[in-house]
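This report is written for a reader who is new to protein structures. Please keep the sequence and the model in view while reading.

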Amino acid sequence: MFKGSKLKKTTLFVTTVCLLTLVIGFGMQRRCAAQGGGNDYQSIELFTDVLAIVKKSYVEEVDTKKLVYGAINGMLTSLDPHSSFMPPETYKEMKIDTKGSFGGLGIEITVKEGILTVISPIEDTPAFKAGIKAGDQILKIDDKFTKDLTITDAVKRMRGVKGTKVTLTIMREGFDKTKEFVLERDIIQVKSVKHKVLDDGYGYVRIAQFQEKTDDDLEKALQALQGEQKQLKGLVLDLRNDPGGLLDQAVRVSEHWIPEGKLVVYTEGREKDSQMRFTSRKGHKQPDYPIVVLINSGSASASEIVAGCLQDHKRAVVMGTQSFGKGSVQTIIPLADNSGLRLTTARYFTPSGRSIQAKGITPDIVAEKVDLAATSEKREGMHIREKDLENHFEGDKKEGGEDKKDKPAPYKTDELIKSDSQVLRALDLLKGWEILKTMGKLPS
């Protein structure tokens, strides 16, 4: 049994707690009822009341800025996967990203159906080399589950000092169970544009990401290709696993092949500044050679603008698989304390009025990527030729050895491209176009 004094103290404590609960509960109830009127001022008053209660009564002392940052971040996260608040350090890193150099793993991510998902790995980065793929679900970063992480928090956890390691727990379509990928952080130097000659007269340009100098780099690449080939018969524009980037760069890239005055893309939003139309400007235009644009599920945002524009104007054949479907525009707004706001302010539409949001670009020719080495070995094992038959006789020998026309001309590009089935299909399509022209079946 309790002694009288102890019982008195216990009763007093319980009564005090109950009274405090009633007072706080009554105050909150009164203000929530007032909030029901829809008055913005009353809603803000509710927020300041909660802030004051947390500051005064939380079990530990809490920094006001931390509370405000958390509240802002939660507010933006409730809007859509791409709106977010960036504290000063994150905002500073974001500005570095658009210049093409930052520390981390090299993964573009989003939240899809509540799960942290890879849009695409960036070429020649730790994530790309480790085999991370578009569509991979990141369930854990080291020992931290990603279920309740914002994109900003996830990025912060994946970045770090060069040489340090991070473990990603991945679930992928076709996996029976999750798999851990151990990646070593590195300084990510993203080369926006790469180019090479695929075969005589046929060029290849790869855009990995749309950064501040992408258009300048593309101009140099096209000049180099035309300098090497004198005249291009066709071009493969590779936008696979390109997560996007700067809208103005997507417009400038498209302008190389779109006549002056033609619509490239337009945006629609609530504010007047979000309602924009981008048309191709005056300037040097590329010759009217045929183009094949390659896309896949990792092609998003700015890369979808370019693919959709060239497709709508019938300037290129789009080949590959359905793109990601990010059809929204984010505006970066600097704030007073050097933090920043990434806010979705508009939707963009292709010249014909197609919205890409949650749909993506549908290729004109669907072409899945296949393992050419495995397919070739399988076919070789299945077929025999005349020369393999016992007692076969040789054909007439022509001067200089075997008839060279009987031997298919090998692709003159490098081994990396020779193993890429989608690039080779694109090249074959361009060659087929050229052959049909010589047969008089197509306009020159």
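The sections below treat the basis of the model, a sheet, the nonpolar cores and one lysine.

## Basis

The model is predicted, so local features need pLDDT of at least 70 and side-chain atom pairs count only at pLDDT 80 or more, while totals for chains, interfaces and linings use all residues. Residues are numbered from 1 along each chain as its sequence is written, and side-chain values use heavy atoms, with hydrogens and water left out.

## The open sheet

Six strands form an open sheet of mixed pairing, in the order E10-E11-E12-E15-E16-E19. Strands (E) are DSSP runs of at least two residues and helices (H or I) of at least four, numbered from the N terminus; two strands pair if DSSP finds at least two bridges between them. The edge strands, E10 (193–199) and E19 (365–366), each pair on one side only.

E10 and E11 (residues 202–207) are antiparallel, with six bridges. Lys196 has Tyr204 in E11 as its bridge partner.

## Nonpolar cores

A nonpolar core is a set of buried Ala, Val, Leu, Ile, Met, Phe, Trp, Tyr and Cys residues joined through side-chain atoms within 4.5 Å; buried means under 20% relative accessible area (1.4 Å probe, protein chains only). The largest core has 38 residues, and Val205, Leu237, Leu239, Trp257 and Val293 touch the most other members. Helix H9 (residues 302–312) gives the most to this core, six residues. A second, separate core of 18 residues includes Ile138 and Phe181.

Lys140 lies in strand E5 (residues 137–141).

Methods: Buried < 20%, exposed > 50% of the residue type's maximum accessible area, 1.4 Å probe, protein only.
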